[in-house]
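Please look at the sequence and the structure below side by side, and then follow the paragraphs after them, which go from a few needed terms to the chain as a whole and on to single residues.

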Amino acid sequence: MQIRFTKMQGAGNDFVVLDETQGRLGLTPANYRFLADRHFGVGADQILTVRPAPTDGVDFEYVIHNADGGEVEQCGNGARCFARFVHDKGLTAKTEIRVQTKAGVIAPKLTSDGRVTVNMGAPVLEPARVPFDASGLPEQRKAQALTWPLELQEPALQSHVEVVAVSMGNPHAVQLVADVDAAPVAVVGPQIESHVRFPQRVNAGFMQVLSRQAIKLRVYERGAGETLACGTGACAAVVAGILLGVLDHRVDVHTRGGLLTIEWAGGAQDAVMMTGPATTVFEGQIHIPEEL
């Protein structure tokens, strides 16, 4: 099977974007894994699919598969690339669209400076809805945040970490670190990602506070490993930092792939706004082997 694709990136978080507005490609998890493979396929952190609106009141459906072939609820950097793609391909003339995701409706907006702003909705903090199993754990409150101890296995350098559990349509566990560049992301990240207390696995965020208006962030993403940037991870980190009392309501998030700006007023019903780049890298066509 030959399929056409567009390779895009948002702050270094890279994607293969597929257009299914004229019909389904019928791809399997193995096909998605092949497309994401950086040696035999195109190479990507996630595969993004554009589909027609499934219901009134939205413009498109947005489907996300991780590099391991599994479908996930949300991808913030991908949402910006999604908006750039449908506009540049002439699929819509709107500069602000409403998009149905597995986690709900989001509203990306193309800005005059070439970046894209996405209304990511309100964060979810109730443990059961993240989802996070807090049973038997001591409830610890720092400022307005609930923090939870997670036990780690060898060969981690510490016995446990303290995390804030946040859902931005997908689950995140955010921890504060003194030096994000020295943080043991490769060792601790996988342990948090697959921790038994997160039944749907989790994205592990490592946040270093630079000032009340700036942080550095690394994220070990479920199903993808560490990526150069994670949009929902940036949103979750800023929400956690505001609740912990260490951040203001508008924060520049420095990732290894670029800069994201996150804004959150701090209320339970207030939406998190994310602004950042979305760039087309190249387009092409690829043959997917029949044996996959």
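A residue is called buried when its relative accessible area is under 20%, exposed when that area is over 50%, and partly exposed in between, with a 1.4 Å probe and protein chains only. The model is a predicted one, in which local features need pLDDT of at least 70 and side-chain atom pairs count only at pLDDT 80 or more, while totals for chains, interfaces and linings use all residues. Residues are numbered from 1 along each chain as its sequence is written, and side-chain values use heavy atoms, with hydrogens and water left out.

We can begin with the whole chain. The protein chain has four helices and 19 strands, where helices (H or I, at least four residues) and strands (E, at least two) are DSSP runs numbered from the N terminus. For 292 residues, a compact globule would have a radius of gyration near 19 Å, and the 18 Å of the protein chain agrees with this; the radius is taken over C-alpha atoms, and the globule rule is 2.2 Å times the number of residues to the power 0.38. Along its principal axes, the C-alpha trace spans about 50 × 40 × 35 Å, and 53% of the 292 residues count as buried. If contact is understood as heavy atoms within 4.5 Å, then among contacts between residues at least 6 apart in sequence, 61% join residues at least 24 apart.

Helix H2 covers residues 76-88, and its 13 residues should span 18 Å at 1.5 Å a residue, which agrees with the 19 Å between its end C-alpha atoms; the expected span is 1.5 Å times one less than the number of residues. Because 11 of these 13 residues are buried, H2 is largely enclosed by the rest of the structure. Among the buried residues of H2 are Cys81, Phe82 and Phe85, and also Arg80 and Arg84. Just after H2, Gly90 takes a positive phi of about 75 degrees.

Most residues other than glycine have a negative phi, and most peptide bonds are trans. Ala11, in the loop between strand S1 (2-10) and strand S2 (13-19), has a positive phi near 60 degrees although it is a residue other than glycine, and with a relative accessible area of 2% Ala11 is buried. Arg201, in the loop between helix H3 (185-193) and strand S13 (203-211), also has a positive phi, of about 60 degrees, and is not a glycine; Arg201 is partly exposed, with a relative accessible area of 33%. A cis peptide bond, with omega about 0 degrees, joins Val130 and Pro131, and Pro131 is found in the loop between strand S8 (116-119) and strand S9 (140-142).

Which residue has its C-alpha atom 5.7 Å from that of Val272, although the two are 151 residues apart along the chain? That residue is Gly121, and Val272 also touches, among others, Met168, Cys235 and Trp264. Val272 lies in the loop between strand S17 (258-263) and strand S18 (273-276), where it is buried with a relative accessible area of 0%. Pro52, in strand S3 (residues 46-52), is partly exposed at 40%, and its C-alpha atom is separated by 27 Å from that of Gln200, which is 148 residues away along the chain.

Note on methods
Lists of a residue's contacts leave out its neighbours within four places in sequence.
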